[in-house]
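Morning, everyone. I have one structure to take you through today. Here it comes on the screen.

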Amino acid sequence: MSRLLPFSKYQGLGNDFILLDNRHQPSLLLSPEQVKFWCDRHFGIGADGVIFLLQDPDGQWGMRLINSDGSEGEMCGNGIRCLAKFMQSLGIPAEQNQYAVQTGAGLMLVNVTADGLVTVDMGEPALLARQIPTTLVPADAKAIAVPLFVADQTWSVTLVSMGNPHCVTFVKDLDQVDYTAVGPLFEHHPVFPNRTNTEFIAVLDRHTLKMRVWERGAGATLACGTGACASVVAGVLNNLCDRQCRVQLLGGDLHIHWLEATNHVLMTGSADLVFQGTMLVR
Ligand code: ZDP
């Protein structure tokens, strides 16, 4: 039986999501197959993924992200900023100015600032191979500037988990990298059992990075929040940038701060409503 479901479409730096109010249903409103259809830019609404707002019986907020290919991501940096704006639009009050949201990567604190930007405390990065996960180095080792052979070339990669896996590689000239061609080869490389997101980074100066991303499950997107965080962490570990950086993405800029005192990564950027509507669920 078909039914109509209300949705809101948001974007953060052109990384676009369909937001669904899933607070009052026990299971996800859409199956992975339906998510693929909704995200299709010709047959559906079009988006990089669908984000479900959840609430458990204790009142705790939660979110889940299903990528446009139907796979699930543990965490979503641009998406959680959109979620905060969505919660605000639903009239959900923010305690001490912030929402606490449970994700596959732990509890995130999200703050809508007075100027309409959104700051997320993304928690601590994880660096051990078993946390990524990867078989590139031994389980209890970190992969910092380790060679990885992809597409007839050796890349120096640094692996960072922001709850989801990231493979960061620094390059001299981004225009020389055909990242849509090599991206899938990183994503499906056998050293990444859960696949990986991949960031190609040019260091413009110690507080400015330029990034191109190939996302696990979503391909070439205009921006990736967790990827920007992972890239600054990787830049610091390789002594290429400071702890506070502006990351330039195709869809705009993110401000990242890896705090020395707490080891947490803060991400600040825009997130905006694009349109609302109802969609036929088949
Ligand atoms: O880890 C994954 O499967 C990602 N594709 C999830 C999406 C990440 C996102 N682009 C971000 O901004 O962190 C939403």
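I will go from domains to cavity, pocket and cores, and end with a few backbone details.

First, the ground rules. This is a predicted model, where local features need pLDDT of at least 70, side-chain atom pairs count only at pLDDT 80 or more, and totals for chains, interfaces and linings use all residues. Residues are numbered from 1 along each chain as its sequence is written, and side-chain values use heavy atoms, with hydrogens and water left out.

Domains. The protein chain splits into domain 1 (3-123 + 270-281) and domain 2 (129-263). Those bounds come from an automatic or database domain assignment. The C-alpha centres of domain 1 and domain 2 are 24 Å apart. Their contact takes 20 residues from domain 1 and 22 residues from domain 2. Contact here means heavy atoms within 4.5 Å.

Now the cavity. We work on a 1 Å grid over the protein atoms alone. A cavity is a set of points where a 1.4 Å probe fits but cannot get out. A pocket is an open set with protein on both sides within 12 Å along at least five of seven lines. Lining residues have an atom within 4 Å of a point. Grid points are joined across faces, edges and corners, and a volume is the space filled by probe spheres set on the points.

The whole structure has 1 cavity of 30 Å³ or more. The largest cavity holds about 140 Å³. It has 17 lining residues, and Leu65, Asn67, Met75, Asn164 and Glu215 are the closest to its centre. Where does the largest cavity lie? Domain 1 and domain 2 both give residues to its lining, so it lies between them. By class, that lining has 5 nonpolar, 9 polar and 3 charged residues. Ala, Val, Leu, Ile, Met, Phe, Trp, Tyr, Cys and Pro count as nonpolar, Asp, Glu, Lys and Arg as charged, and the others, Gly among them, as polar.

The largest pocket next. Its space is about 190 Å³. Its lining includes Trp61, Ile92, Pro93, Glu95 and Tyr99. Strand β6 (residues 98-103) gives the most to that lining, with 3 residues. Helices (H or I, at least four residues) and strands (E, at least two) are DSSP runs, numbered from the N terminus.

On to the cores. A nonpolar core is a set of buried Ala, Val, Leu, Ile, Met, Phe, Trp, Tyr and Cys residues joined through side-chain atoms within 4.5 Å. Buried means under 20% relative accessible area, exposed over 50%, partly exposed in between (1.4 Å probe, protein chains only). The largest core has 53 residues, and Ile80, Leu83, Val101 and Ile256 touch the most other members. Helix α4 gives the most to this core, with 7 residues. At least three residues come from each of domain 1 and domain 2. A second, separate core of 22 residues includes Leu136, Tyr179, Phe186 and Phe192.

Last, the backbone. Ile132 sits in the loop between β8 (118-121) and β9 (146-150). Is Ile132 buried or exposed? Buried, with a relative accessible area of 3%. The peptide bond from Ile132 to Pro133 is cis, with omega near -10°. Ala145 is in the loop between β8 and β9 too. Ala145 is not a glycine, yet has a positive phi of about 55°. Arg195, also not a glycine, has a positive phi of about 65°. Arg195 is partly exposed, at 21% relative accessible area.
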